[in-house]
Amino acid sequence: MKKVKILLSLFFLLFLITGCGSNSEKEVVADLEKKMDSNHSYYLEGVLEIVNDENVYNYNVEVAYKKDDYYKVSLINTSNNHEQIILKNKDGVYIVTPALNKSFKFQSDWPYSNSQIYLLQSVLNDIKNDEEREFEKVDNKFVFKTSVNYPNNRKLVNQEITLDKNLKLKSIKVYDDNHVALMSMKFTKIDYKPTFKKDYFSLDNCVVEIGEEEESVSLLEDSIYPLSLPSGTKLVSEEKINNGERIILTFDGEKPFLLVEETVRRNDSMMVTPTNGEPYLLQDSYGVLANNSLNFISGGVEYYLVSDVLNQDELVSVAQSISVLPTMK
């Protein structure tokens with residue numbers, strides 16, 4: 001009888017370890033779906049790291065979501081405190097630079113057109129949509145390995161998603177073909193029952209009052225050149241307008257393009273520029289990427305890159321190589 005009791009106790013313990021204490025892949029996915037469906041809003045914070053060649057860029061990220069398609073994503077570059085906001089409400093999608101009271105507005109299906117490392121819905125969709133995903137439990141955590149969908153950055157091919165035992169996201173790493181992490185996100189806070197003020201998702205709530213720190217450049221003394229050019233392409237002319245308020249660089253050859261650099265002054269009220277394209281995160285700034293152009297603001301300078309020949313990958317490559325700081329006055 002004593003042996004039977006011992007065996008039953010061992011069986012019960014084994015059941016607790018391998019049964020009730022065990023979550024299968026399908027159970028974890030189902031629980032994640034249930035958690036997302038039952039929560040009509042969330043707020044999260046984290047740190048985003050982006051690697052571009054030998055350069056590393058870090059952002060403090062805040063994300064707010066409310067049902068009926070309201071999103072507000074704040075990214076602050078930790079090296080220069082440059083903040084940009086991606087805002088989506090009933091009026092459209094905006095990329096806002098608060099320090100300049102300037103925004104781009106466009107009609108877009110963002111954030112549903114591709115993967116988004118900091119949005120819970122996107123992460124869940126990446127897991128659900130990958131029929132060849134991998135799943136394992138490591139040190140009381142759940143780890144998914146899935147493919148990703150970054151159509152404008154083909155270097156990014158897969159990701160590793162780590163959740164704690166309560167199904168809260170802990171980290172995501174996005175890799176290239178050589179399993180080098182080019183993007184990583186560490187989540188430091190997730191609140192599934194946040195309270196937002198009535199105007200939290202309005203564009204007016206992004207306006208910076210007069211007297212706060214400005215991020216503007218009055219004149220460009222020197223041109224800012226891209227360090228990477230398509231093969232067979234070279235600079236053929238540069239024109240300085242209004243003593244350096246605007247510089248136009250013309251590149252000709254096998255893959256010609258035009259690069260316009262313009263000083264940006266802070267507006268007293270929010271200025272909205274309608275445009276076409278999709279939000280695209282460069283190394284230190286969010287821009288608007290269209291079929292034949294890329295527009296972004298960095299360091300108080302607005303850049304407009306346009307070409308009838310360059311594809312989107314080539315536009316991004318040129319833009320990401322614009323890293324020489326201008327001489328300003």
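This report describes the sheets, the helix packing and the salt bridges of a predicted model.

## The 12-stranded sheet

An open sheet of 12 strands runs in the order β7-β8-β9-β10-β11-β1-β2-β3-β4-β5-β6-β15, and its pairing is mixed. At its edges stand β7 (134–138) and β15 (271–274), each of which has a single partner strand, so that one side of each is left without a neighbour in the sheet. On average, and with direction ignored, neighbouring strands of this sheet are turned by 20 degrees against each other.

## The seven-stranded sheet

A further open sheet is built from seven strands in the order β12-β13-β14-β19-β18-β17-β16, with antiparallel pairing. Its edge strands are β12 (233–241) and β16 (278–281), each of which pairs on one side only.

Strand β18 (residues 293–298) pairs with strand β19 (residues 301–306) in the antiparallel sense over six bridges, and the bridge partner of S293 is V306 in β19.

## Helices across the sheets

Helix α2 lies across β1 (41–52), β7, β8 and β9 (158–163), and its direction makes an angle of about 90 degrees with β8. In the seven-stranded sheet, helix α4 (residues 312–320) lies across β14 (257–263), β16, β17 (286–289), β18 and β19, running at about 25 degrees to β18.

## Packing of α2 against α3

Helix α2 (residues 25–38) packs with helix α3 (residues 120–129) at an angle of about 150 degrees, and their axes are 11 Å apart. Angles over 145 degrees count as roughly antiparallel, and α2 and α3 are therefore roughly antiparallel to each other. The crossing in which α2 passes α3 is left-handed.

The contact brings V29, L32, E33 and M36 of α2 together with L120, Q121, L124, I127 and K128 of α3. By residue class, the contact of α2 with α3 comprises six nonpolar, one polar and two charged residues.

## Salt bridges

Across the whole structure, a search finds nine salt bridges. One of them joins the side chains of D69 and K88, with an N to O distance of 3.2 Å. This pair links distant parts of the chain, 19 residues apart: D69 belongs to the loop between β2 (55–66) and β3 (70–77), whereas K88 lies in strand β4 (residues 83–89).

Conventions:
Residues numbered from 1 in each chain as written. Predicted model: local features only at pLDDT ≥ 70, side-chain atom pairs only at ≥ 80, totals over all residues. Heavy atoms only, no water. Axes fitted to C-alpha atoms, helices over the stretch in contact; angles between N-to-C directions. Helix = DSSP H or I, 4+ residues; strand = E, 2+ residues; numbered from the N terminus. Parallel < 35°, antiparallel > 145°, perpendicular 65-115°, else oblique. Left-handed = near helix turned anticlockwise from the far one by under 90°. Contact = heavy atoms within 4.5 Å. Nonpolar A, V, L, I, M, F, W, Y, C, P; charged D, E, K, R; others polar. Pairing = 2+ DSSP bridges. Salt bridge = Lys/Arg side-chain N within 4 Å of Asp/Glu carboxyl O.
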